[in-house]
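Dear colleague,

Please find below the structure I am handing over to you. My findings follow it, arranged by region.

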Amino acid sequence: MKKLILIPFCLLIILSARAQLNVTGQATLTLQPKRTIISYSIGSTKDSYDEAIASMTNRIDALTLSLAKIGFKKEEIKTSNFNIRQNRKYRQGEPKGEEYIATQSLEIRFDHSTKRLLEVLNKTASDESAPTVSIAFGMSEEQEKSAKELLIQMAVADAKRKADLLAKETGYSIQGIKEINYGNTYNSPQPYRGNMGMMKSFAENDMSNFEAKDLTIRDQVFISYEISK
């Protein structure tokens, strides 16, 4: 009796079970950047706290004034970092008193154009402010939103294409989707960055051929398909 009961039960499980096909759909886009981000860093080292702050503030003020002259409003010039620390001075391996190192970083963002970029770099190449600069190129909010949507569409289509091919080549047919996993897979672009050193070099050199590198972004989606013979 036990065999008569167990055999049909096992057959029911086997017949109702469907094989599963797990596929990763991937997508890649290459886009021209639509935003430029310039970060200026200014530092000053003095023997006293007040001198370090005063020296750095004077240079920050000079840079802010240069940016204002080329159309940047006060609220568009953001402080991204401010720090002052005490440091011990050494001479021939022996401590020789204390010094203070003050640093501050400013950041500006604007719609990308090579002409505007070169204007900003050349107009802020002041001996008085003498900042170090880092340039990054990124996407606008609208561009990033549409790119994310397109990447998902492309990744899902890629998963479907792979699943169809795998099922066909192994003699299965796709019955439906069992599970979709997506989240935290979006690979934001790693923007081009160039530490250009002292800004004065921009005013002294021909930068007319300076062009932003295209951005490459990627995304993926994991889909489990139900398949059967």
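Two residues are said to be in contact when heavy atoms of theirs lie within 4.5 Å. Please bear in mind that this is a predicted model.

On that definition, Ile60 touches Ile42, Gln104 and Leu106, with residues up to four places away in sequence left out of the count. Ile60 belongs to helix H2. Its relative accessible area is 7%, and the cut-off for buried is under 20%, so Ile60 counts as buried. The chain also brings Ser129 to this place: 69 residues separate Ile60 and Ser129 along the chain, yet their C-alpha atoms are 6.5 Å apart. Two of the residues that Ile60 touches, Ile42 and Gln104, are themselves opposite one another, Gln104 being in strand E4.

The strands around this region pair as follows. E2 and E4 run antiparallel and are joined by 12 bridges. E2 is also joined to E5, again in the antiparallel sense, by 7 bridges. Within E5, Phe137 is the bridge partner of Thr36.

The largest nonpolar core comprises 22 residues, and those with the most contacts inside it are Ile38, Tyr40, Leu67, Phe72, Ile108 and Val120. Two or more residues each come from strand E2 (35-46), helix H2 (49-69), strand E4 (94-111), helix H3 (114-123) and strand E5 (132-138). The greatest contribution is that of H2, with 5 residues. Ile108 illustrates how the parts meet: beyond its neighbours within four places in sequence, Ile108 is in contact with Thr36, Ile37, Ile38, Tyr40, Leu67, Phe72, Glu76, Ile77 and Val120. Apart from this core lies another, of 17 residues, including Val23, Leu29, Ala147 and Ile227.

Strand E1 (residues 19-31) pairs with strand E8 (residues 215-228) in the antiparallel sense, over 13 bridges. Gln20 has Glu226 of E8 as its bridge partner. Strand E6 (residues 173-181) likewise pairs with E8 in the antiparallel sense, over 7 bridges, and Tyr225 of E8 is the bridge partner of Ile177.

Phe222 and Asn181 are 41 residues apart in sequence, while their C-alpha atoms are 5.0 Å apart in space.

Finally, Asp158 is placed in helix H4 (residues 141-169). Asp158 is buried, with a relative accessible area of 13%. Residues up to four places away in sequence not being counted, Asp158 touches Thr24, Gly25 and Gln26.

With kind regards

Note on methods
Residues are numbered from 1 along each chain as its sequence is written. This is a predicted model: local features need pLDDT of at least 70, side-chain atom pairs count only at pLDDT 80 or more; totals for chains, interfaces and linings use all residues. Side-chain values use heavy atoms; hydrogens and water are left out. A nonpolar core is a set of buried Ala, Val, Leu, Ile, Met, Phe, Trp, Tyr and Cys residues joined through side-chain atoms within 4.5 Å. Buried means under 20% relative accessible area, exposed over 50%, partly exposed in between (1.4 Å probe, protein chains only). Helices (H or I, at least four residues) and strands (E, at least two) are DSSP runs, numbered from the N terminus. Two strands pair if DSSP finds at least two bridges between them.
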